Amino acid sequence: MGRDIPLWRKQLCSALNLLADEPFQRENWFGRGKYADSPDEQYNNLFTDYDIEEFVDSPEVGLNAQQRAAGHRLIDMLEAFDKVVGPELLPEVVIDHPQWVEIRHVARQFLDLLNCQN
């Protein structure tokens, strides 16, 4: 595989932290913060840049059953949300959507289970 597992975990923890962070999203998705971010960017970070699906199932990462279950739940919720909202993940549609509120909550749970140090 050749991945730096501690670095991969750190990167994914950082992406999950942003996914769980409503104040960050409210500031930066609407151009009021110091970071350029959007719902699309969060999906790209998780699925493309840090391959959350591979991370959750990777024997090298070595997640326990509870961690894997939380990761799979989050992945399933993100995929379902993408189908509900459609390809244009507009910040004004996403930010207060009930499913997105739940995604933030589940992302926080997964972060806690991973013992991320953010």
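The model is predicted: local features need pLDDT of at least 70, side-chain atom pairs count only at pLDDT 80 or more, and totals for chains, interfaces and linings use all residues. Residues are numbered from 1 along each chain as its sequence is written, and side-chain values use heavy atoms, with hydrogens and water left out.

The chain has 7 helices and 0 strands. Helices (H or I, at least four residues) and strands (E, at least two) are DSSP runs, numbered from the N terminus.

**Overall build**
- The order from the N terminus is α-α-α-α-α-α-α.
- Along the principal axes, the C-alpha atoms fill a box of roughly 40 × 30 × 25 Å.
- Of the contacts with a separation of 6 or more, 69% join residues 24 or more positions apart. Contact means heavy atoms within 4.5 Å.

**Surface and charge**
- Buried residues account for 42% of the 118 residues. Buried means under 20% relative accessible area, exposed over 50%, and partly exposed in between (1.4 Å probe, protein chains only).
- The accessible surface is about 6,500 Å², and 49% of this belongs to carbon and sulfur atoms. Areas come from the Shrake-Rupley method with a 1.4 Å probe; for residues, only the protein chains shown count as cover.
- There are 11 positive and 21 negative side chains, and the centres of the two sets lie 6 Å apart. Lys and Arg count as positive and Asp and Glu as negative; His and the chain ends are not counted. Each charge is placed at NZ of Lys, CZ of Arg, CG of Asp or CD of Glu.

**Around α7**
- His97 sits in the loop between α6 (91-94) and α7 (98-114). Its side chain reaches the backbone nitrogen of Gln99 at 3.1 Å.
- Beyond its neighbours within four places in sequence, His97 contacts Phe81, Val84 and Val85.
- Glu102 lies in helix α7 and is partly exposed, at 30% relative accessibility.
- Not counting residues up to four places away in sequence, Glu102 touches Arg73 and Met77. Glu102 and Leu74 are 28 residues apart in sequence, with 9.5 Å from C-alpha to C-alpha.

- Asp51, in the loop between α3 (39-49) and α4 (52-57), has a positive phi of about 40°. Asp51 is buried at 19% relative accessibility.
- Asn115, in the segment after α7, has a positive phi of about 55°. Asn115 is exposed at 55% relative accessibility.

Key. Polar contact = N/O pair within 3.5 Å; in protein donor to acceptor, adjacent residues only side chain to side chain.
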